[in-house]
Each structure stands twice: as C-alpha cells, then as structure tokens.
Amino acid sequence: MMQAFTQLVQSTVPLVLLAVVVSPAAGDAEARTYETDVRPILKAHCFQCHGEGGEKEGGLDVRLRRMIVAGGESGAAIVPGQPNESLLLERIRSGEMPPGEDRRLTPHDITVIQQWIAGGATTARAEPEALGDEPIFTEEERNWWSFQPLLRPSLPHVPNAERTANVVDLFLAARMRELPPGEGGAAFDPSSRRAHAFAPRANPSTLLRRASFDLLGLPPTPAESSAFAADLGADAWPRLIDRLLASPHYGERWGRFWLDVAGYADSEGYTDEDVVRPHAFRFRDYVIAAFNADKPFDQFIIEQLAGDELVGADSTLTADAIEKLTATGFLRMAPDGTAAGGVDQSLARNQVMADTIQIVGTSLLGLTVNCAQCHDHRYDPISHADYYRFRAIFEPALDWKNWKTPPARQVSLYTEADRATRARLEAEAQQVDAERKAVAANYIARTIEQELLLVADALRDDLRQAYQTAAAERTAEQKKLLGDHPSIANISEGALYLYDRRRDARVRDIESKRAEKLQQFIVAATARELAKVPDELRSQVQSALEIEVARRSPEQTSLLAAYPTVTVTEAALASLDPAATAELAVYTEAADEVRKSRIKQHLQEFSDKAAGIRKSIPPEPFVRALREAAGAVPPTFVFHRGDHGQPKQQVLPAGLSVLETDAAIDANDPLLPTTGRRLRYARHLTAGRHPLVARVIANRIWMHHFGRGLVNSPGDFGVLGERPSHPQLLDWLAVELIESGWSVKHLHRLIMASHAYQQTSEVDASLVDADPDNTFYARQSVRRLDGDALRDAVLAVSGKLHHRLYGEPVPVMEDEVGQIVIGRENLDGERKPTKPIPLGGEAFRRSVYVQARRSRPLAVFDVFDAPAMTPNCDRRATSNVAPQSLLLMNSEFAAAFSLHFAERLGADAGSELRDQVALGWQLAYGSPPQEGDLEAALSFVESQSEAMQGNAAETLPEAAKVQALASYCHALLSSNRFLYVE
Amino acid sequence: MTSNQTVTRREFVKAGAFSLAPLALASLLKDRQLLAGPIKPNVHGQRFTLEPRPPHHEPQAHAMISLFMQGGPSQVDLLDPKPILTRMDGQKFPGKIKYDDVGGASSKILGSFWKFSKHGQCGTEVSELLPHTAGIVDDILVIRSMRTGVNNHGQSIHAMNSGRTQRGRPSLGSWLTYGLGAETDELPAFVAMRDPAGLPVEGVLNWSNGWLPSLFQGTVIRAREPRILNLEPPARLRGDVQRNYLAYLDRLNQQQLDRFPENTDLAARISNFELAARMQGAAREALDISQETKATHELYGLHEKETQEYGRRCLIARRMVERGVRFVQLFTKNQYWDHHGSILTALPATCRKTDRGAAALVTDLKQRGMLDTTIVHWGGEMGRLPVIQNDAGRAKVGRDHNTYGFTMWVAGGGFRRGGTYGATDEFGHHAVEDIVNHFDYHATLLHLFGLDAKQLVFKRNGREESLLSEQPGKIQPGLMQA
C-alpha cells in the first residue's frame, strides 16, 4: 500500500547539530584564564594522553597550568607572555598535536590559547594542591547552569507589556526587548516599543488546528471546527483544551513522544536478524495510558525505573502490580542481541547496559552520561568512575554475569482462573488425543494383519512377532525379516496415511492373493477327491477334468457326473474344506475392510477436535519486564577504556558526583528483597530537589508546543548542548511541574493559555529575518508534521482512520521491491512473496501502533525522519528533501489515500462538486475555502476530469470525475498548508 | 550574508536532494557571530549522504554492472572445459562428491553435451552455448576458481552479494554507495533490475542495505509501470494530469508562502517539488531506450524475441552508469540457472536469453570508452557438479550444486583483460589453483574502486563492521591488470 522512496533518502540517524556554541568569553582576549577558556579546549583534545588516568605522554600533564609551565621531556610547554616561544602552541599550530588530520584544533581554539599565553597564562584562582585518580571539577564546571539548584524565580517586571495572558508571557516579554532589529531596519526600529510585542492572536480555525495537532496529533473534524467557531464564550479556549486533553488520542500523541525518548521498538535489534520483540507493545500501552490518566510524572519515572521494587517479590499479580512491572519495560528497551546465537555474550550484555544507561541519561538527566563510558567525559564534569557508579545503580537488575535473556525475562499475566481453564481444556484435548491414539493403534493392528495376508503363511507369525518386539530387542533374524518386508516394518501411526493413500492397490493385492489361494485350495481339494476315485478310472476322470466342459465327449461328461465331487468349485469347498473357506473369508473381509477404510480422514477428525479445544484456551499474555533477583548484589568495577575484560577498582552506586544533591545510594536496602538501588535513585530524582529532571521534562513539554525547546538540545543540558534561551522561564515551569504534583496536563494548560502559544505565525518578514529560529517567541512557529502525524492526518481526512486503542502492533513487511509497507509477511522458503493476508481495518490504525521493527521502518515514516532507535531518539529531525516530495507526488500511498479522500467527499458532501471541494478544503486545512480558492479548485477539477479521460480513453466520465476529485485531494494532501501546522 | 561560509538556500536545496541537511541550519549560519565558536564534534550521530566522495586511494573503477546469474551456471558446460568428463561419461566418479540434494544423487560422471573451442587472441575456451561471450573473451577475465563453500542458494547468494552467508547484512551495492556516493543527484545511486518473471532466491534481500542507512538500499527498476516506485506516478496520473496537479499544487503552496515570506522551509519544499519533477524526468530519460541507435538495439538483441528482455535491461544498465549511477545489478528470475534436471534443453535456453545482452554490454562499454572505468561482472552463487543428478535418461539428467569450484567472469575497471585465472581439479569439482573465495573477490573489487576493504567500515553495536566482516579477504594481484 505504502510505496515510499526510501532508496533515495534515509532519515534514521539523528542529525549532527551543526550549531555552534559561543565561547563564554569570546572576544575578551585580555581576560582569558586557564579555567574558563583554555582548560575546556585541552580537556576535550589533550587530557586523554596528557594527564588523565595516569597517561603522561612525553612526560607532559596539561591538567593544571603549573604542570604545563613545568612541561615534560621536551622542556616547558609554555612560556607565559611569550606565545611564540611556547612549545605547546608551536606543536598545535604545526598540526603535530593533537595527532591526526581530523583532530586538529580550530583556528579559533588556537587563537584562544595564543591569547591566553600572551596575556600571561593566568588562572582564575589558585590551583589545587594535588590531583587524585579522579578529575577535580573546576568551579566553572560546577557552576554550569543546569547543575544549579532549581528555585522558583521571581516574576520579571515588564513595563507596558502588551498581550500578556499569563506568567509564561511575562518571561518571554522580558527577554523580547533584546530582540535585535531586522536587517530591513525601518519596520523594526529598536526604539519602537511595538517591535518587541507579541504577534496578535491567531484566528479560531488556526488555533483549533494547532491545538488539535499539538495535543492529539490529529486534525480537527469539521464538526469540531464549527462548534469552536460558534463558541463565543470567554472560556471557549480553555474548554477546548480540556476537551482535547480528555481525549484518549491525547495519550497516543504524547505517549509517542516519550516512546521516542525511551527508545521503544518492537524488535531486538543488534543482530542482523533483528528478531521481533513480541511483548514490547504492553510498555507502549502503559505509556499511552499513563499520559491519558495524567499519571503524576514523578510516579511515572519511579515506576519505569523501579516498578519491580515497588511490587516486591509477591507472586500474585494484581492489576496494579502488572502495571508497575509493565513500566519497567523502559529499562528493557535497549537493542538486545543476547538471545541470539553466535554473539559474544559478554560484549552484547554490556552493550545492553551501556545503551540502557544512555537512555536513562538522555531521557531523565538530559546529559550524555554515556560519553564517560571509556574515559572522563570530554566536555562535562562526569568522570569515568561516575559512569560506573551510575551503572552500579542498575547492575543488580541487569547483572551481566547472571543475565536473563529476553525470553527468560517475560512475566506471565495468566491468572489462576486462566490456569484452571487451561488445565481443564488441555485435559479434554488429551482425552481426544488418547482416543485418537487408540483408534490409530487399532488401525495399525489391522494394517499389519492385512499386510501379513500378502506374505507366505510360514512367515506370518515370525513377522508379527518381529514387529511387536521392541526395536532394541530384535534378533538378527527378526531384523532381517523386517528388512525384507518393509511394508510391514514401516507401519506406524505416522505412516498410516501412506497405506490409506494406496487403498485401491491394496484391495487389488489382497484380492489377487485370495484368487491365488482359492486356486491352490481347489487344486488340493481336487487332488483329494481324485484320490477317492477307483484306481482304474482315476486317470480317465483326471483327463476329463482337464478338458474344457464344451469339448468333453459324452462319455467324459457322464464319467464326471458319476464322480461329482471331483469337480471342485468355490461353493463346493465349503463342504469339502471348511478351513479353506474360512481362510478365504479372511481375505474377503480384509479386502472389504481396506476398501471401506478412511484412516486419514478418521484420525484427522480427532486431531481437529483436539485442536479446536486447544484453540479455546485463552492465550497467555506476557510482559517484558525487568525484575531484579532477590538477594543478588553483584559488584561493579570501573572498566578500563570501557572494556569489560579489564575491570579496575570497584565502585559503589551513586548519582553524578558533580551534583551536590546526588549523594551515594545505599548499596543494599535491608527492608527490600532486592537492593533497592533503583527505587532509591528514582525517589531521589523525583524528590523535587534534583536540578535536572524537572527542567528536562518541562523543556520537552515546551518543545512539543513550540517546535523548539527552551533548551534546544533536549537530551543534552551539558556543555555541548545549547544554552536555555529563557532560563528563568524554564525554571519557573519546572517548579510549576513539581508543585502541581507533576501534572503534565497542568503544564499543557499553562503553556497553551499563554498568549505566546496563541499568537499567529503570520508576521512581518523583517521579524523572521531578525529572529529566523524564533528564539524570542514573537510569533508562533510554522511546524512540519512528523511522519507519524502526517500518516495519521492523511488517514483521518480520508475517512479511513481506525480509532481502536492499544494492542498488538500492526505488522509491517517488505513489498516486492523491498520497501517497508503495512502487511503481514507471507514468504516462501526462498523469500518469495506468497498470498497476501488481509489485515482489514488494522491497516488503518494510528501510526503509534505500527510495528516498530528497527530494521524495517515504514517507508512513509522513514522518508519523514523516523526516529533511529540506536538506542533512543531525544529529538526527531525535520528534514526537507526531494524524496519527501516524490513520495507525496507519486507514491501508491498518496494515490490510494487521495482516492479514499475523494470517495469520502462523495459520500459526505452530497452530489454537488462545489460542496465536495469545499469539504475537502475544510478537512485538509481546518477552515473553509475563500471564494477565490473555491473557484480555482473547481476549475482545476474540471480540467483534470478532461485530462483523466485523455489519459485513458476507456475511463468513464463518472470515474474520471472521481479521479479528478482525487487529484484535487492529492494536491491538498501534498500541499504545505496540510503538511505544516501554523 | 556574503560570507563564504553562508549557505544559500539554493545550495541548500541542492544538497537536500539526497541528504539530510536540516534547513534550520541555513538560518543558524545566517548569524555570523555564531561562526566564531568552535564547531561541535560529531557526538550526536553521523550525517549520511549520496554525494560523491573520494576513496582511500586512486581508483580504477568508478561504476559497476553485475549480471547476477542466480541458480548456479554449470561451469563444466560453459567456461571450464573438462575433457575427462567426456571420456569417462557414465562411469563412476573416482573421488568423493559433496552433494546438496542427496535424494537424486548419483556418482555417475556426466560429460558435457556441448563442444568447447578456443577464441580470441587469448585463446580462452568457451562452450558453443555462449557464442556471443566467445566474441568478447579478449576483454574479459574468466575466473575458474571461485569458491564460497556453502552448498545452498540462499547462503551462497549472501556470501557473493553481501560478504557472509548470513542474512541481514548490507549488499555489495550498499557498501559501494556508502563508501563512494554517486555521481548523480537525479538518479538513484544503486539500482537493482529484477527479471519480470520473478524475484531471485532471497527476494528483496538481494539489494538490502542491511543495517546501513536505508539511503544505501538498492532502488528497483520494475518490469511494469511505474518502473521506479515514487520516481514516477501511476499511469493514470501521468502527463497532463500530473502537470495540472503540479501547477495547482504550486498555486496552493505559493499562496501559503505569501503568508509566510522568508520561511525557508516552505520555500525549500516548493523547490523540492521542482527537483522531484527533474528527478522524475531524469529517470524517464534514462529508461528511454528509443534514443539509442538501431545498431545499438541490434547489438543487444532487442530485435529478437528471445534476447529482447534481458538485452533491454543490459542496455538500461549502461545508460544508468553513463548518467552517474554507481552500481547496477541485474537478476535472473528465480533459480533460472539451477539445472538439477533436463540440463540438455534448459541450459541452452538460459544461455540464449542472456548471452547476447551480456556480451553486448561489454562491447558497448568498450566502444564508448567506458569499460576502463566500469566493471562488468557475470556469475552466480555457485556452479554445478561433474556428476549426474536425476539419472532418468539423457533428456532428464541434470547437475547438483557445487560451491567448491565454480566460474564467473569479470571485465573492465582494472580487471585483467583476456585469459583465465585459477583452476578447478581435473573433474571441475573443487577449486585447486589460485582459489578466489568470495571475500578475496570482494577485497579485490573494492581495491579497484580505490577502497580498502578493511577500512570501509560502519560502526554498529560498538564494533566496526565491514563487507569482509573479519574474513581474511586477500587482494589477488593476478586478477588485476599489471
């Protein structure tokens, strides 16, 4: 169905943020100090070989200014005040250091170092006396903005502020005064107060579309549009938001955002096979339900990090316990190759742990903790040992030495009642199996006797006995005998069908054997009767017998009449040789029996009955959970250069040492069967004093409302991340989140109630020029729908969207050319596609339910920047590439849904083309067309109708009309106004 | 704004054709002050594009066309003559045989039904079944010592086409385009051309990107319209219908842009529709063989029913490479060369379909001066055994799989011209001389493209993955021009 152009584009990889950071003291050459300006450069590029972990190449340690001055084997590395005499600078300038073409320092960095030396190579303060094994964080590092305590800031005073609806606007308005004038100048006179004002409120239809996509990821229906337009109440807007927040589709949209961060996937990844992860979807459903219920975010975090420790070891699974265990799926989302054969288990397990740490770090802390896995973090104050202390929090649960493979970590959700039902039904089925077995045994016995009829009489008993003797106990003679008679030796339950298949041939065999027997009996009886004839007549009688009846002489006829018993018939045998008759009857009965038998069919009836019973057994659901083993307290070691084969010193669990609030965590909680480390840490994170967590979460919520975060690197609040554009607003929102009881919906209401959110996107070009990225929020941004929302919107407006919530993922498969489409894979042994399996309405379910197999991103998602879960995605890219246009122009997806859309218009808007066109516009854009739009659309449909008939002369005018309307729908679906939300 | 570091929107859109450049970057870079800061290192991920990039060393080959003969062409009947089979026809094979299908196996030697004779200046012996190949022997190198060592189709296909016997890895074309990009931004970098009669064994995995970004997946040219999905609309939406649609769409988009002047994203998307239309035109043009001369049509056998289909694909392959496509692979239909039985009639038919087009391709590339830089590969995943399979009379006999010694040929792009390389034993069962394992072939192939097979790596799960995947791929100088 969906044929996208994945060959030409890919979007599975997060983009490099080519953005640049501004050195704090840029341009202030005089004031350069070691700590502020030079150390960050040397830390990033030089510490690894010159100071860190005992490495001092050339005897040089550059971690302190005095050590640089002291120098190494080649003498002093710098001469303060004399840049041109300084060896360090010379080596760096010549490109000798750091070694390697691609590791050269930038001219800017070199200039900074040169200026620092020229300025006397000063330090900000006295340097520490000694350096230990672990790095000493400088004051500058500790003072990093995101590590500072979270306090509610006082409100800014903004004189003459216009259009400020709430606190959010005040903070934005306060900074808006810094907005530089546009390049045009005239329209944006910095002295003009208006230049710093918010844009006017957007019109109602724009606001409805914006709110609907923001909260539900779906366009508003025409009924919702007219209701909202007609609602003139002062509280129309907050009521709209409440209504949207109450929709179950809210959780699908906002759950999806969290699933990106959690690295949700329906497959294991890691190996080439990328095997399916069958029960992951329950975590997806947990997340959706949590957002719908506005589960307090602190609880949401605690459950995901330590749901199993909340549940304890109790084996009875209440609904609440199941929910908490399902939540731990968060720690089971990393790519995991440990169930596959042929992988290096130690490597694979430690990789799962590293990926899990990366997911936790970027999602909750907004830090690239993972960068300290092999060495001290190059930019942020996170030491190598910090990483392993952090890992120790998760070590008892993931425990790579006592690893639970993916199948082993499944928790059954079967209830006692389910188990009883299963036992009862299984017993019933086994009863049927036993009946089948008995019937089959009888068939085997009968088949043996039938087949024995075909072998020499003398062998029958021996053969029967040989067959009945257990294979291991058979004598050599018995083996040989059976070997000579494969048709008896091979009789088994499994082979019965083969005998059944040869039915006609077997009847013929038995009947011809009977005929042969009959002949023998007649010959023998005749001989016996002849013997009774007097000796002198015997040869005459015999001769007469041997002549055909018709050719006998009258004498011969009368002679035979005198001795009637010598003319033996089958009927006569009954009296002459009752034993022979009885034996012949056996053959007759056997032939009859074979003729009538339907062994395969008969046995199949039993199998079908048993299968039917088993099918009614309720399926056993599983949760892919993380359950820490009780009593296990494995040690954690620092791994030299991240190599699990080189464990160094042991460390104890703790948060990050640079955060003063992140104290050590008890290694083992005596009140819990498990160590309690994760529970303790999760509670610490959500206690309200952690500087990062609430900021990170509030920032994400903001980001999805404005298209950019207040910190525009949502997964990195460290040195390489971006600085907050509005630090006080961020803090205010973070505190508000906590004090509202961690209510995400509260934050939505707050943000959406602001004038900033409700502004129009339509503003003067010079404002866009002055603030191209809209970091001042003097307008709303125009945002492209992501791949999920785009597909959902197409499904919704074309009337196809299937609204069912939750459940097993909708499968994806490769189409005939290898693109990934929705469908159930049905390949033969050579991977050639066979008969398609219909999915019904499932194919039209929302994107969040489409199977997320790492190696198989659905083509339409792939082209529109699907998240690459390696291991998670902290922000989706928004690329703008030609393959997207090709998909919209030419794909089967676009063509098919345009037609659905047109059919819907025919069904919903009556027979007038004008009405159909108008409804299409309303559905796609959320507002009615202007008169000019309508006229242009009508004339387009008319001309397409003609062109359609030109393309295929046989096209009926009626069909051409539908297709022309579909072409109009196609244009709407591929237009920017549909793809973007204002 | 005039800084040379500023990327204009136009350049952006161009770079955006096959890359992932975020448009937001343009506006970021507009603020020149930001350019004073240090550039962030690549810690958040890598950016992948199909822009051409220089290889590790000076390359000889720039493009490749692989004619994949799926099923296993019988080397002892085509390119590796074994007179002893004829002499011992019907006798018991004296050594051990590695069968795949033990069911129909026999150990009776089967002499070839066909005559071999020497051709060209190099004197390579070719079977009468391949008269056109016989005409190009001085331009091709016949490798008689290929080996993968796994006797079934799927695994051996993966060995030849993706470096290892396992499923799920990137194919050769994906590696080449990952390493080198392509010389075109209007056509796909890696093109797969399937037989209209069906997919080869392993289906679409033959051009899979595995775990390389999907940018490097092979784009399929289909037998029916639309020939390239998404690059062309369904038939009913062609021509005027599409022109009208684009014109109307442009109207809608312009209207929107008028409301948001200076919105680079909206503007770029309009340009991307223009670019998409150009790409569509470029694909159409590349597929349009009516522009070729009558002589060319005849060279490829397009005037004859039997050779037409394959010949057309060979010709399109040349047109693709001519336009900057890096790698084209043509597949025969499912098990086309898998002659377990009736080899007497089936093998000649298979040869008739493919021989002419394959030879024409080499001749044509040479005439155009493209052979020096374009590699042509002809071969399958295996060869066949010297003994009979399905011993049910002359008309019914066939040969079972043989991956221990089989033949393929290569031409152009720095491969040696004329003659043979390596040898099988006297019966043609095992490669014994100058053995070329699939990984040796790959190492040599990448070398000709200027790539070091050990350095062309992709980081995955903390490891560096390569086409060789830790197998000891050896560059074989004897395969290359001195």
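Guide: Start with one helix pair: H12(A) and H13(A) cross in the left-handed sense. In such a crossing the near helix is turned anticlockwise from the far one by less than a right angle; clockwise is right-handed. This is a predicted model, in which local features need pLDDT of at least 70, side-chain atom pairs count only at pLDDT 80 or more, and totals for chains, interfaces and linings use all residues. Residues are numbered from 1 along each chain as its sequence is written, while chains are lettered from A and ligands numbered from 1 in the order written.

Visitor: At what angle do the axes of H12 and H13 of chain A cross?

Guide: Axes are lines fitted to C-alpha atoms, for helices over the stretch in contact; angles run from 0 to 180 degrees between N-to-C directions. Helix H12 (residues 297-311) of chain A and helix H13 (residues 319-327) of chain A cross at roughly 140 degrees, and their axes come within 6 Å. H12(A) and H13(A) are therefore oblique. The scale is: under 35 degrees roughly parallel, over 145 roughly antiparallel, 65 to 115 roughly perpendicular, the rest oblique.

Visitor: Which residues make the contact of H12(A) with H13(A)?

Guide: Contact requires C-beta atoms, placed from the backbone, within 7 Å. H12(A) supplies Glu303(A), Gln304(A), Gly307(A), Asp308(A), Leu310(A) and Val311(A). H13(A) supplies Ala321(A), Lys324(A), Leu325(A) and Ala327(A). By class, the contact of H12(A) with H13(A) holds 5 nonpolar, 2 polar and 3 charged residues. Ala, Val, Leu, Ile, Met, Phe, Trp, Tyr, Cys and Pro count as nonpolar; Asp, Glu, Lys and Arg as charged; the others, Gly among them, as polar.

Visitor: How do helices H7 and H9 of chain A pack?

Guide: Helix H7 (residues 204-216) and helix H9 (residues 236-246) of chain A pack at about 30 degrees, with axes 9 Å apart. That angle makes H7(A) roughly parallel to H9(A). Their crossing is right-handed. From H7(A) come Leu208(A), Ala211(A), Ser212(A), Leu215(A) and Leu216(A). From H9(A) come Leu240(A), Ile241(A), Leu244(A) and Leu245(A). The contact of H7(A) with H9(A) has 8 nonpolar residues, 1 polar and no charged.

Visitor: How many helices and strands does chain A have?

Guide: Chain A has 40 helices and 8 strands. Both are DSSP runs numbered from the N terminus: helices are H or I, at least four residues, and strands are E, at least two.

Visitor: Is Asp274(A) buried or exposed?

Guide: Asp274(A) counts as buried, because 21 C-beta neighbours lie inside 10 Å. Buried takes 20 or more other C-beta atoms, placed from the backbone, within 10 Å of the residue's own; exposed is 12 or fewer, partly exposed in between. Phi of Asp274(A), a residue other than glycine, is positive, near 50 degrees.

Technical notes. Contact = placed C-beta atoms within 7 Å.
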